[in-house]
Amino acid sequence: MPVSQSSPASASADAGLSQSERALLERRARLLGPTYRAFYRNPIHLVRGSGVWLYDAHGRKFLDAYNNVASVGHCHPRVVEALSGQAATLNTHTRYLSEIILDYAEKLLGTLPSHLGHAMFTCTGSEANDLAIRIAQHSSGNTGVIITDFAYHGATIATAQLSPAAVGAKGVPAQHRTVAAPDTFRDGGRAAHDFAGNVAAAIEDMRAQNIRPAALLLDSAFSSDGIFFPDASVMHEAADHVRKAGGIVIADEVQSGFGRLGQGMWGFANYGLEPDIVTMGKPIGDGHPMGAVIVRPQLVSSFGSNTGYFNTFGGNPVAAAVGIAVLEVIEGEGLIENARTVGAYTGELLDALKSRHGMVADVRHSGLYFGVELTAEDGATAAAKTSSVVEAMREDSVLISSCGPRGNVLKIRPPLPFARDNAEQLAETLDRALSKW
């Protein structure tokens with residue numbers, strides 16, 4: 001994911017840091033270099049996690065309302081048991097025969113539409129999107145990819161170039177095209193209404209340059225663009241344009257999948273879409289480094305025979321054991337239903353803040369995924385106030401972040417076991433933070 005738009009920490013000592021934390025931050029900068037940035041002006045030295053809670057070195061407890069990585073909760077006992085048990089038995093790669101990877105593939109494929117018949121495993125969501133792009137380009141013979149204009153899809157060369165949120169618009173190669181995200185709020189939702197037309201225009205612009213589209217690559221929740229949930233008809237029309245032009249549709253479920261949106265296991269299903277490829281990461285392993293590409297079999301028949309695919313650690317027995325445990329926890333603990341019901345309750349609490357705070361302009365949510373858009377007299381002021389709200393909440397023991405091209409959307413995305421009392425703490429803390437302005 002891109003660097004949070006909350007204030008990055010530096011190696012300089014802040015007033016809120018202890019002497020040991022200052023030393024740790026300075027050591028971090030010396031050993032890891034300048035590319036590693038910590039969340040918050042006063043970074044948190046975490047030492048333990050459990051469920052929706054994180055604990056720092058001083059024993060202070062933080063409500064985690066941001067980490068989609070620990071999807072079924074930090075250090076879930078069932079996941080930890082699966083990981084440690086398999087690690088103590090066997091861990092090798094997929095060129096040996098193994099039942100557990102097949103058990104996992106079967107269970108994972110069982111949650112998806114039947115037209116998606118093959119599972120290919122990676123270690124990260126970035127790798128998954130990278131592989132998906134390779135398959136799309138190989139199967140179509142085309143090169144261009146269409147993305148939204150502040151998307152984030154990964155950290156490999158190929159996926160970073162398709163991540164304007166990380167590299168900026170100038171970092172996107174000439175054969176690709178960006179389109180405005182389907183913003184359902186600004187200008188009366190005009191960008192959402194025009195989304196399919198913008199995709200069609202991007203295809204025509206490609207044709208004028210003798211480029212053909214290989215894929216439309218979309219995050220189902222438009223997470224970095226500001227978190228939007230457009231009408232299904234617009235998404236269907238955009239997909240149709242790409243397919244008619246010879247490309248395929250890739251649903252990036254790294255942030256929106258595994259029950260996050262509360263309507264089912266997968267975000268793309270909210271729109272009734274039938275993607276040709278689905279990519280997964282982060283929540284797939286509850287913190288264990290895993291990813292997956294789920295694909296129409298016909299797309300990889302030629303790719304498999306001509307190119308092949310092998311990933312030393314992707315789909316190893318420990319990863320498979322963890323993946324099975326995550327799926328069992330989601331099902332056994334009713335976490336999709338929890339995302340739906342607690343998400344609706346949380347949305348009501350956040351919506352109520354609009355009447356109390358004029359700077360809360362819009363609340364967008366589906367399941368346990370929330371974008372709270374803040375406004376001010378000008379964009380720079382809104383971004384600064386948003387960052388200040390994030391920092392104030394951190395000081396008040398609740399962790400969230402921000403997103404969007406203007407940096408003015410609060411990004412709230414807690415672990416799936418989030419409960420009603422957690423929602424109330426979140427809303428009360430946000431109310432206090434907003435009251436400072």
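Colleague: Phenylalanine 195, buried or exposed?
Modeller: Buried, with a relative accessible area of 0%. Keep in mind that this is a predicted model.

Colleague: And phenylalanine 222, buried or exposed?
Modeller: Phenylalanine 222 is buried as well, at a relative accessible area of 1%.

Colleague: How many aromatic pairs does the structure hold?
Modeller: Five. One of them is phenylalanine 195 with phenylalanine 222, an edge-to-face pair with 6.1 Å centre to centre and 80° between the planes.

Colleague: Where do those two sit in the chain?
Modeller: They link distant parts of it, 27 residues apart. Phenylalanine 195 belongs to helix 8 (residues 195-208), while phenylalanine 222 is in the loop between strand 7 (213-219) and helix 9 (232-244).

Colleague: Why is the pair of phenylalanine 258 and tryptophan 266 called edge-to-face?
Modeller: Because their planes are at 70°, and an angle over 60 degrees counts as edge-to-face. Their ring centres are 4.8 Å apart. Both phenylalanine 258 and tryptophan 266 are buried.

Colleague: Which residues form an aromatic cluster?
Modeller: Phe39, Tyr40 and Tyr66 form one.

Colleague: What about charges over rings?
Modeller: Arginine 48 has its charged end over the ring of tyrosine 55, 3.9 Å from the ring centre. Lysine 61 does this with tryptophan 53, where the distance to the ring centre is 4.2 Å.

Colleague: Changing topic: what span should helix 4 have?
Modeller: Helix 4 (residues 125-140) has 16 residues and should span 22 Å at 1.5 Å a residue. The end C-alpha atoms are 22 Å apart, so that agrees.

Colleague: Which residues of helix 4 are buried?
Modeller: Among them are Gly125, Ser126, Leu131, Ile133 and Ile135.

Colleague: And its two ends?
Modeller: At the start of helix 4, threonine 124 has a side-chain oxygen within 3.4 Å of the backbone nitrogen of serine 126. After the helix comes glycine 141, with a positive phi near 75°.

Colleague: How many bridges join strand 3 to strand 13?
Modeller: Two, and these strands run parallel. Leucine 63 is opposite valine 398 of strand 13.

Terms used:
Residues numbered from 1 in each chain as written. Heavy atoms only, no water. Phe/Tyr/Trp six-rings, centres within 6.5 Å; stacked < 30°, edge-to-face > 60°. Helix = DSSP H or I, 4+ residues; strand = E, 2+ residues; numbered from the N terminus. Buried < 20%, exposed > 50% of the residue type's maximum accessible area, 1.4 Å probe, protein only. Lys NZ or Arg CZ within 6 Å of the ring centre and 35° of its normal. Expected span 1.5 Å × (residues − 1). Polar contact = N/O pair within 3.5 Å; in protein donor to acceptor, adjacent residues only side chain to side chain. Pairing = 2+ DSSP bridges.
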